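Here is my note on the fold and its packing. Please read the points with the structure open.

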Amino acid sequence: FLRDVLAERVGLEAALRAWTGYERHEQDFTFGSLTFEVKTQVVTADRMVTVSSEDQLDPGHGKILLCNQGLGPVAKESRDSVTINSLASNLVERARKLGSTVSTLLEVGLFKAGYEQRKEYDEESWILVDRSMYDVRDGFPRIERRDLRVGVEQVTYRIRVAACKPFEVAIDSALKGLSDD
């Protein structure tokens, strides 16, 4: 999402400055009052996304868009396949070409997210199967803090992706308003 969607739309530096997930914020990217929560998973017949807290999909601070990406395992020689290390290396290379500020933003983010290059990260190759965007608005299947009784907190739960379909928005229209400026 960072590489293929946001960096393409707003540039890598702006995308990295919007990246807050590695700082343990509730959502992954924030552009003013617009936030993105990204869930990436291996494609299965029974698609579910795990929500890590009652605040993660609570739009109390603005609009939230949920991006769900499905990955499938493929042979290493497959066209468009990536490993975790090749994805990180590609981003590092792009950041270095943009200068030390952008490179440092990425390196700090990767470090704080817990990424370090490991041999086992090259053992499996992946390809993007699908990517969908959902507008988290009234009626969206989620738990919010106001739904909980006093004393209940740090709720983790799962949502069926199929239940999100009525809230699907085109990615281009969801990104309207984000620009290179």
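1. Contact means heavy atoms within 4.5 Å. From α1 come Leu2, Arg3, Ala7 and Glu8; from α3 come Leu87, Asn90, Leu91 and Arg94.

2. Basis. This is a predicted model: local features need pLDDT of at least 70, side-chain atom pairs count only at pLDDT 80 or more, and totals for chains, interfaces and linings use all residues. Residues are numbered from 1 along each chain as its sequence is written, and side-chain values use heavy atoms, with hydrogens and water left out.

3. Overall fold. The protein chain has five helices and seven strands. Helices (H or I, at least four residues) and strands (E, at least two) are DSSP runs, numbered from the N terminus. The order along the sequence is α-α-β-β-β-β-α-α-β-β-β-α. The radius of gyration (over C-alpha atoms) is 17 Å, close to the 16 Å of the globule rule for 181 residues, so the protein chain is as compact as a globular protein of that length. That rule is 2.2 Å times the number of residues to the power 0.38.

4. Main core. A nonpolar core is a set of buried Ala, Val, Leu, Ile, Met, Phe, Trp, Tyr and Cys residues joined through side-chain atoms within 4.5 Å. Buried means under 20% relative accessible area, exposed over 50%, partly exposed in between (1.4 Å probe, protein chains only). Which residues touch the most other members of the largest nonpolar core? They are Phe1, Leu6, Phe29, Phe31, Phe36, Leu106 and Leu178, out of 29 residues. The largest share of this core, five residues, comes from α1. Apart from it lies another core of 14 residues, including Val49, Ile64, Tyr134 and Val155.

5. Leu178. Neighbours within four places in sequence aside, Leu178 is in contact with Leu6, Arg9, Val10, Phe31, Leu34 and Phe36.

6. Burial of α1. Leu2, Arg3, Val5, Leu6, Ala7 and Val10 are buried in α1. Their cover includes α2, β1, β2, α3, β5 and α5. Just after α1, Gly11 takes a positive phi of about 95 degrees.
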